[in-house]
Amino acid sequence: MSAVTVRHDRLELLAGFAVLACLAGLLVAAMVGHHQSDDGGYPVHASFSQIDGLTVGSDVRLAGITVGHVTGAVVDPKSFQAQVTFTLAPDVKLPTDSAAIVTSDSLLGGKYIALSPGGADSMVKAGGVMTETQGSISLEQLLSKFIFSVTDSLQKSQKAAAGKPPAGSLADEP
């Protein structure tokens with residue numbers, strides 16, 4: 001190996017390490033930025049039966065516009081419900097009978113809380129609780145219900161067909 005080849009190999013190795021260091025830095029910055037959810041809003045609490053895929057930092061949206069973020073989620077040991085805390089922007093005032101619904105961005109996307117305003121005269125206050133909630137619907141659960149329904153229908157139709165004589169047989173004639 002000549003001195004030029006060795007120098008060229010070292011230069012490529014150094015460039016590779018520099019690229020890896022930059023990628024690691026970007027990954028750390030993304031993770032740190034993802035967990036910063038102090039948007040100056042006020043906290044609100046809600047209980048859900050299922051929050052599959054909802055994480056700290058997930059959006060809280062009203063009419064499709066992000067108005068807050070999820071700041072915490074724990075399981076209540078008494079009710080076994082997911083207790084979710086999220087923030088709402090200071091200018092967002094929701095009636096106390098508003099609903100919080102865990103929904104999906106897309107078929108494969110992340111989850112967020114969609115807010116549906118109610119019609120009550122009183123408003124949710126800082127630290128208040130939203131009682132009208134709907135947990136997330138799992139795609140896997142929907143698919144398994146659909147598959148079970150289809151297979152159950154097929155089994156019933158096969159049993160019904162087994163009890164009748166085949167079409168065109170002698171039993172069809174008078």
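For touching residues I used contact, meaning heavy atoms within 4.5 Å. Before reading anything off, I noted that this is a predicted model, where local features need pLDDT of at least 70, side-chain atom pairs count only at pLDDT 80 or more, and totals for chains, interfaces and linings use all residues. Residues are numbered from 1 along each chain as its sequence is written, and side-chain values use heavy atoms, with hydrogens and water left out.

Arg61 first. I found Arg61 in strand E2 (residues 59-62); strands here are DSSP runs of E, at least two residues, numbered from the N terminus. Arg61 is buried, at 16% relative accessible area (buried is under 20%, with a 1.4 Å probe and protein chains only). Leaving out residues up to four places away in sequence, I listed its contacts as Thr66, Val67, Asp105, Tyr112, Ile113, Ala114 and Leu115. The charged end of Arg61 sits over the Tyr112 ring, 4.0 Å from the centre (the cut-offs are CZ of Arg or NZ of Lys within 6 Å of the ring centre and within 35 degrees of the ring normal).

Next I checked the neighbours of E1. Seven bridges join E1 to E4 (residues 82-88), antiparallel, and Ala46 has Val84 as its bridge partner there. Three bridges join E1 to E7 (residues 128-130), parallel, with His45 partnered by Val129.

Note on methods
Pairing = 2+ DSSP bridges. Helix = DSSP H or I, 4+ residues; strand = E, 2+ residues; numbered from the N terminus. Buried < 20%, exposed > 50% of the residue type's maximum accessible area, 1.4 Å probe, protein only.
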